[in-house]
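Subject: The structure we talked about

Hi there,

Here is the structure for you to open alongside this note. Have a look first, and then read on for what turned up.

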Amino acid sequence: LSESGVPQLVQPMIWDYAADLDVEGKVHLVEKYRRCGFSKVWFASAFKGATGVNQSLTLIGHHLKNHLQWLEVASNSPADVLEGIALTGWQRYDHFSVLCELLPVAIPSLAVCLQALKNGGYSEKIKENVEKLLGMSNLETDTFMR
């Protein structure tokens with residue numbers, strides 16, 4: 001790869017939507033990309049649409065855990081390597097599948113994930129801030145929103 005010149009033309013994106021992300025493995029992958037000559041990498045997560053082909057509601061806790069682990073990958077990687085993170089919101093698994101997790105039910109998840117990334121973590125204070133921003137009295141992250 002380094003001899004091909006590709007690292008000067010593109011920036012790789014590392015995708016993973018798992019709630020139990022292999023942080024150490026991702027850090028090693030970032031290091032491998034650096035050794036190949038890539039100066040920057042992107043991470044890709046999902047705030048919705050990545051937990052089941054026919055999922056209709058968004059389990060916020062799954063996506064929050066994923067984002068917190070991406071923050072851990074970033075903090076264990078060289079400071080200048082991360083170009084950004086793409087928060088994807090999948091609506092269907094393929095063109096033949098039904099729609100899943102429509103945007104209105106996933107807005108709380110998007111707000112939680114964005115706030116976690118913006119603040120470098122998640123706390124009760126951040127939860128209260130999201131509740132205030134969305135006009136909600138009880139933001140549930142470990143169960144489906146009612």
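Contact here means heavy atoms within 4.5 Å. On that basis, and leaving aside residues up to four places away in sequence, V23 touches Q69, E72, V73 and N76.

Before going further, please note that this is a predicted model, in which local features need pLDDT of at least 70, side-chain atom pairs count only at pLDDT 80 or more, and totals for chains, interfaces and linings use all residues. Residues are numbered from 1 along each chain as its sequence is written, and side-chain values use heavy atoms, with hydrogens and water left out.

**The cores**

A nonpolar core is a set of buried Ala, Val, Leu, Ile, Met, Phe, Trp, Tyr and Cys residues joined through side-chain atoms within 4.5 Å. Buried means under 20% relative accessible area, exposed over 50%, and partly exposed in between (1.4 Å probe, protein chains only). The largest such core has ten residues: I14, L21, V23, V27, V30, V41, F43, W70, V73 and V81. At least two residues of this core come from each of α1 (23-35), β2 (41-48) and α2 (60-75). The biggest share is from α1, which gives three residues. Helices (H or I, at least four residues) and strands (E, at least two) are DSSP runs, numbered from the N terminus. Another core, of seven residues, lies apart from the largest one, and I60, V112, A116 and V130 are among them.

Is C36 buried or partly exposed? C36 counts as partly exposed, because its relative accessibility is 26%. You will find C36 in the loop between α1 and β2. Beyond residues up to four places away in sequence, C36 touches L1, S2 and P7.

C100 sits in the loop between β3 (82-89) and α3 (103-119). C100 counts as buried, because its relative accessibility is 1%. With residues up to four places away in sequence again set aside, C100 touches K48, G49, G52, V53, Q55, W90, Q91, R92 and Y93. C100 and Q115 are 15 residues apart in sequence and 24 Å apart in space, C-alpha to C-alpha.

**Before β1**

V6 is in the segment before β1 (13-15), and V6 counts as partly exposed because its relative accessibility is 31%.

Happy to go through any of this with you.

Best wishes
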